[in-house]
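Dear colleague,

Please find below the sequence and structure that I am handing over to you. My findings follow directly after them.

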Amino acid sequence: MKYIDQIDLKNKRVFLRVDFNVPMDKEGNVTSDKRVRASIPTINFALEKGAKLIIASHLGRPKGKKVAQMSLKPVAKVLSGLLQKEVMFLDDCVGEAVQQATGKMKEGDIILLENLRFHPGEDKNDAEFAKQLAALCDIYIDDAFAVSHRAAASNSAITEFVPVCAAGFLLKNEVEYFEKAMVNPAHPLVAIIGGAKVSDKISLLENLIEKVNIIIIGGGMAFTFLRAVGYETGKSLCEEDMLDTARKIVDKAKQKNVKFLLPVDALIARAATAEAEAKVCSMKEFPKDWIGLDIGPATISLFSDALQGVKTIIWNGPMGMFELAAFSKGTFGLAQAVADSGAVSIIGGGDTDTAIKKAGLSAKMSYISTGGGAFLEWLEGKTLPGIAALER
Ligand code: AMP
């Protein structure tokens, strides 16, 4: 794969695909500029090198139609504020007017195009729509990792029609850390997997079991595993139809000599609410009518000890219902252990990112992926169309 710092951008029309899918309130104000900030290193680099920068993104799911609330116009203002530079906004992303405006650009100019998904061709990875986008530029740069798991005209078909294609710095980071985790990891390699359901994470577990030395399971999904190996789990989350699958995963771990750690105690409550009565119990004596909502203190110690001396940690999914402070200690405690481990730590998935931020430990992690679904599918061993298109 080529990267942005390996090509000459001077005086070239550069089409930069970013992920500016920002949250907005009802009045259309951007409520978090995190995704815009994530693209700033690539944008600044392109500007310093004398590019004429044409930026494109999706926002929300307008399904091929113009939806006023999903316009990228407010994002142009945010970007302009962050760069301290004028950003011209165009109210479409293809067509005569766009062709003319991009044709008149000078070195260092920035244009933000309107939402790509206002055109049905975007999500259909349509070649004709991709050709129209490609006609705007000399060079294509992809920095939108978060959509790499879906083939769209602006991250897949477009690469067939632009002579020079490369990845920006955000994508470069994702690729480099993915390689550190899954291609050439330093061992011992640990996967910490949590979250609500086993069914969401089967492909992930099946792929990881082939590569890691230790698997740590927490969150709601741990109770399905615990039931599968014979424990009582009261009214905790349990996917009855996944018990067989869970057993097979535990057996496979044994065969492969992968250490497979499940909780030994839990923080349980009468109900999944902040006010409910709660207490710690050992997995050996789980009371009938209670719900497991976090890992207990003995499990936090067990999991933290398992991280001693490991070299690489991949983490997806919280250890408990961390959104409620009462059930956040397990996730926060493990986050601290990951931070203290000295291992390369690669975190992915929206909830894990949020939990680590809440714990105030984001800066202590080696890398937090910007792609929820894309990160998961990558860990599942799938080829990501957006990445494959750049490698072609
Ligand atoms: P996922 O999207 O699969 O990673 O799941 C994340 C969600 O799992 C979070 O919203 C957590 O509140 C929830 N979760 C974690 N542990 C539990 C648990 N023990 N019981 C119920 N939900 C949980």
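In this predicted model, an N or O atom in the side chain of Glu323 is 2.5 Å from an oxygen atom of the ligand, a polar contact being a pair of N or O atoms within 3.5 Å. An oxygen atom of the ligand is also 3.3 Å from a side-chain N or O atom of Asp351, and one is 3.1 Å from a polar backbone atom of Ala196. The protein covers 81% of the 500 Å² of accessible area that the ligand has on its own (Shrake-Rupley method, 1.4 Å probe).

Around the ligand there are 15 residues, of which Ala196, Lys201, Gly220, Gly292 and Glu323 come nearest; a residue counts as near if one of its heavy atoms lies within 4 Å. This shell divides into six nonpolar, six polar and three charged residues, with Asp, Glu, Lys and Arg counted as charged and Gly as polar.

Local features need pLDDT of at least 70 and side-chain atom pairs count only at pLDDT 80 or more, whereas totals for chains, interfaces and linings use all residues. Residues are numbered from 1 along each chain as its sequence is written, and side-chain values use heavy atoms, leaving out hydrogens and water.

As to the fold, the protein has 15 helices and 15 strands (DSSP runs of H or I with at least four residues, and of E with at least two). Its radius of gyration, taken over C-alpha atoms, is 23 Å, close to the 21 Å that the globule rule gives for 392 residues, so the protein is as compact as a globular protein of that length. That rule is 2.2 Å times the number of residues to the power 0.38.

Two backbone features deserve mention. The peptide bond from His187 to Pro188 is cis, with omega near 0 degrees, and Pro188 is in the loop between helix H7 (169-183) and strand S7 (189-193). Lys63, which is not a glycine, has a positive phi of about 55 degrees.

With kind regards

Note on methods:
Polar contact = N/O pair within 3.5 Å; in protein donor to acceptor, adjacent residues only side chain to side chain.
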